[in-house]
Amino acid sequence: MVQWFQHNSPRAKGALFEQKARSFLEQQGLSFVAQNQVFKVGELDLIMKDHSTFVFVEVRQRKNSHFGSALESINYNKQQKWLKAANLWLAKLNQSLDTADCRFDVVVFEGTDEPIWLKNFLG
């Protein structure tokens, strides 16, 4: 079977850090729901559950801060895409951001394999 990306590609690196973030969040007691949910308006990296709360997780990694930190890369436009994608995902469950118990978290890796977890990033 031919692999469609190389191990050093940005997509492969992204998948690796999403897996690390998922494992970390599961160790913190969250349960996995879905990953890489793609919509025309944006993508949801991870969807986890914290008891009854849906947690939409953006995973960001930066080797260094020469071009800004991982957190700085989550600008207003990215946040709007994140909200729209979450609303579309919730619509599949006949819910919305107004009716569902949900929050938006970020897990960043800043030059290391140690995750930094920011709850309620869009809170």
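Predicted model: local features only at pLDDT ≥ 70, side-chain atom pairs only at ≥ 80, totals over all residues.
**Exercise 1. Find the partners of R103 and work out which parts of the chain they connect.**

Start with the idea behind it: side chains of opposite charge can pair when their charged atoms come close.

Step 1: look at R103 and D50. Their side chains form a salt bridge, with N to O at 3.0 Å. The cut-off is 4 Å, so this pair passes.

Step 2: check D105. R103 also makes a salt bridge with D105, and here the closest N and O atoms are 2.9 Å apart.

Step 3: D50, R103 and D105 make up a network of salt bridges.

**Exercise 2. Decide whether R103, D50 and D105 are buried or exposed.**

Step 1: you need one cut-off here, since buried means under 20% relative accessible area.

Step 2: go through the values. R103 comes out at 11%, D50 at 16% and D105 at 0%.

Step 3: compare with the cut-off. R103 is buried, D50 is buried, and D105 is buried too.

**Exercise 3. Describe the surroundings of K78, then look at how R60 and E58 pair up.**

Step 1: locate K78. You'll find K78 in helix α2 (residues 76-91).

Step 2: check its accessibility. K78 has 14% relative accessibility, so K78 counts as buried.

Step 3: list its contacts. Setting aside neighbours within four places in sequence, K78 touches E43, E58, R60 and S73.

Step 4: take R60 and E58 from that list. Their side chains meet in a salt bridge, N to O at 2.8 Å, and both R60 and E58 are buried.

**Exercise 4. Work out how strands β1 and β2 are arranged.**

Step 1: get the direction. Strand β1 (residues 31-39) pairs with β2 in the antiparallel sense, over seven bridges.

Step 2: pick a pair to orient yourself. S31 stands opposite K49 in β2.

Step 3: With two residues between them, β1 and β2 form a hairpin.

Step 4: link this back to the first exercise.

Technical notes: Residues numbered from 1 in each chain as written. Heavy atoms only, no water. Buried < 20%, exposed > 50% of the residue type's maximum accessible area, 1.4 Å probe, protein only. Pairing = 2+ DSSP bridges. Helix = DSSP H or I, 4+ residues; strand = E, 2+ residues; numbered from the N terminus. Contact = heavy atoms within 4.5 Å.
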